[in-house]
Amino acid sequence: MKSTFPLFPDSASALSHDVDALYAAWVLVSLFFTVLIAGLIIFFMARYRRRHPEEVGQKERAALWLEILWSVIPLGIMLVMFAWGTRVFFQLYRPPADAVEYTAIGKQWMWKVQHPDGQREINTLHMPLGQAIKLKLASEDVIHSFYVPAFRVKQDVVPGRYTSLWFRATKTGVYHLFCAEYCGTEHSRMIGSIIVMEPRDYENWLAGGTGGKSMVASGSDLFNSLACVTCHRASPGITQRGPSLEGVFGSQVKLADGRTVVADDNYVRESILNPTAKVVAGYDPVMPTFQGQITEEQLTQLISYVRSLGPTGAAPAGGSGGTPTAGTPAAGGASNTSSAQMDANSPLNTAGQTTGSAQKPPQK
Amino acid sequence: MDITSSRSIPDVPTRETAFERPNYLNAEYGWKSWLFTLDHKRIAILYLFSVTAFFALGGLFAGLIRLELLTPEGDLFGPDTYNRVFTMHGIMMVFFFLIPAIPAVLGNFLIPLMVGAKDLAMPRLNLASWYVFNIGGIFTLWSIVNGGVDTGWTFYTPFSTTYSNTYVVATALGIFINGFSTIFTALNFIVTIHRMRAPGLSWFRLPLFIWSMYATSLVIMLGTPVIAITILLVAAERLLHLGIFDPRLGGDPVLFEHMFWFYSHPAVYIMILPAMGVISELVAAFSRKTIFGYRVVAFASVAIAVLGFLVWGHHLFVAGQSAYAGTIFSVLSMLVAVPSAVKVFNWTATLYEGSVSWQTPMLYALGFIGLFTIGGLTGVMLATLGIDVHVHDTYFIVAHFHYVMVGGTIMAYLGGLHYWWPKMTGRLYPTFPSKLSALLVFVGFNLTFFPQFILGYMGMPRRYWSYPPEFQVLNVLSTAGATVLGVGYLLPILYFAWSLKFGEKSGDNPWGAVGLEWDTPSPPPTENFYVTPVVTHPPYTYNREEVHNRLTQEANFG
């Protein structure tokens, strides 16, 4: 893949050069101060070397201005670097509006990746060049960390919540994917590849794959098979046990205890796993927990579905069919035949297929 | 040796009579006189043996790590063994060597001498701390013998509380117990420094070693209880399944990271502040000059201790902490670098117009300044958000904290040991091997850890048992360096042991240094001073008639 003795990592993302520039600046600053200190020490060692055993140093000539000078200069340099570093960080942190959402789930010791159109991979992520990708990350067990050195990005994958990171590849090639947070015996084997392809090659690759239902379609299946639909039916005017989820995602939700929260990924997740934690105003805490009954992958599918019900345009990264990749005929055509291949052992998912007629990917 | 007759001459000592005079080493004999001693100097020697043993053990684990990483494939042992080895390396080095080394050995020995006191304020508590320390160590060793622990020294949840099948609780209990010994020592130091200073020894006449030990003790007193609570919570979740950190039980794993680093980041300052104190002593003594900006250096220690409590979140930049929290922790982390930088500049400025000697302790001290500069600067790099995202949890971090802990704390500890060895034993070690050891440690250290900066920026994650082949060359360099470093560490053990029997007698003050600890015989008598000293000068005042006369006299004499 690379020369046998490289000294610098590949640069393959839109932001990797910004990180490298920041790093290079710091290396220069560090080099300057290290050489300054080492040079002064060596010079003073030689210049003021003790010649006679009874010799003592000169009286100190205290200098307040020096103390101020060498406090203020490092502080100034650091504040500049802080501002620069924070700017780069927020660029790394905030996905652009055109980012497409993929999902990666870490478990001891593998990465399970799902493309927006349903394509799944293990320890590999094929992706198109130039497309911003937002990875939604979840863990089934311990803390992992999704790390792609060539993209200069890393994000811990924390059980019990979603985290995310984004990148836009600028160079085709095969790049390392590492787990960076120690996660047990096979931590160093929890590695894989990010394969950046020309968009055309990527589509060909998708076409040749097993396909699968899109995230939203799978979520919709689950919504029915888990009987969420019984209480969260969209039927205005009728009193029901749970609130309708139409238009909820991304909006402000008023809770029974008077607080208001934003219905984001982590809120929906909590509401499924621990429904009594934040009950919507006007409803009783009657929903049962789904903790232990649904997998991390099913959770992300369900949330994708709930998001697709959200307010107009709330799913820029939801892969609701409007993404450049999912719209390919091959991906769409394969979607109904080979779903749930990887979840064949999941009773919930097979049950979902029997009620498949109810699925209606909410296209706009 | 005729002890009874020598007891009658507590007079002005000379080189020849030094060994016949009663001192803390020949005051009593037999194992009971050591194991039940209340003399701070003897307890320091006991600690010296304990921490050296733990250091050797931690070093052995380090050697195994480097050996395994010689090749990309995991071939020396399996991943489970490797994970246990790096975990035990970290635990041994952090909790049983780096944290106690300088306070418990040099601090115990020197604090009463430097403040002109007969002993620490609470001698029994001091002895108890040594026993508690060893009990904690034995607990942890017991867990190794039984199969070890594989969580890393950081014990991140829910891996440690739910998923690891190793002796997590036994090991953590060892650390919990050890924490009490640290607290005992710190409490003792604080009380001693407040209450037992000699007449005339005001705060601004205290040696900087005392200032830094005082700041360290404050951090220990405030921080250690937090790690104790955290360990108890881990045990509660692991044994009783109380949901605290594991999300499946309703807990939050990031809460653990906050609690862990709320102690463990200040713990970094527990390790480095005493080292800074030692370096201030060495630089002053071997330049025969007052530390440049004494008050600034003293207050810098306090500033580091205070700010050190406000920066723990820089370990969590990519852990799922809010980006705004990350921003605040980033800027606070940079603030704590200012007093550290100021110290480096002040030490360097002290050399200016000094009388700089190139003796072994000074070589270690100057090596410290260079390595700590690199460790500090890379630390500020890591506090820069945009860089940390990439290098977090890679070998860049590993290199950085070894520059601070090994290049900093261990260099200072060895420098201090070489400086005060004649004070502790009354003997001199041979010059050439000791200078050679300083050189080997410096060169070996850089060869071991500098390649790791490059490895880290290239993206090699830490705690990897096997790695992609393109990382091999740098790993081989690192292992080669570790071999040199190992020899550098072995040498002092050999010649220090040798010097006990064969070393030339040192006289009371072989370096011609000023300071209360040098105003009493070497080795000191059990009661430290025959007459309570009265302090009339700030520390490190070499530019005085009497100092000059004494040095001239000694120069002519020997």
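Predicted model: local features only at pLDDT ≥ 70, side-chain atom pairs only at ≥ 80, totals over all residues.
In strand β7 of chain A, the residue that A:Ser145 has as its bridge partner is A:Asp156, where helices (H or I, at least four residues) and strands (E, at least two) are DSSP runs, numbered from the N terminus. Strand β6, residues 144–148 of chain A, is joined to β7(A) by five bridges, and the two run antiparallel; two strands are said to pair if DSSP finds at least two bridges between them. As background, the strands of a sheet pair through backbone hydrogen bonds, in either a parallel or an antiparallel way.

Residues are numbered from 1 along each chain as its sequence is written, while chains are lettered from A and ligands numbered from 1 in the order in which they are written.

Those two strands belong to an open sheet of five in chain A, in the order β4-β10-β9-β6-β7, with mixed pairing. At its edges are β4 (124–128) and β7 (153–157) of chain A, each of which pairs on one side only. On average, neighbouring strands of this sheet are turned by 20° against each other, direction ignored; axes here are lines fitted to C-alpha atoms, for helices over the stretch in contact, and angles run from 0 to 180 degrees between N-to-C directions. Helix α3 of chain A, residues 199–208, lies across β4 and β10 (192–197) of chain A and runs at about 130° to β4(A).

How confident is the predictor in chain A? Its pLDDT, the predictor's confidence in each residue from 0 to 100, averages 81 in chain A, with 82% of the residues scoring at least 70. Over residues 313–364 of chain A, however, pLDDT stays under 50, and for that stretch the model has 102 contacts beyond four places in sequence, a contact being two residues whose C-beta atoms, placed from the backbone, lie within 7 Å.

Let me turn to A:Trp70, which sits in helix α2 (residues 64–93) of chain A. Is this residue buried or exposed? A:Trp70 is buried, because 20 other C-beta atoms lie within 10 Å; the rule is that 20 or more make a residue buried, 12 or fewer exposed, and anything in between partly exposed, with C-beta atoms placed from the backbone. Leaving aside neighbours within four places in sequence, A:Trp70 is in contact with B:Ala341, B:Val342 and B:Phe345.

That brings us to the contact between the chains, which takes 74 residues from chain A and 80 residues from chain B. On the side of chain B that touches chain A, α11(B) gives the most, with 13 residues. The residues of that side divide into 47 nonpolar, 25 polar and eight charged, where Ala, Val, Leu, Ile, Met, Phe, Trp, Tyr, Cys and Pro count as nonpolar, Asp, Glu, Lys and Arg as charged, and the others, Gly among them, as polar.

Chain B itself has 17 helices and zero strands, and buried residues make up 63% of its 558 residues. Its C-alpha atoms fill a box of roughly 70 × 50 × 45 Å, taken along the principal axes. Finally, B:Val443, in helix α15 of chain B, counts as partly exposed because it has 15 C-beta neighbours inside 10 Å.
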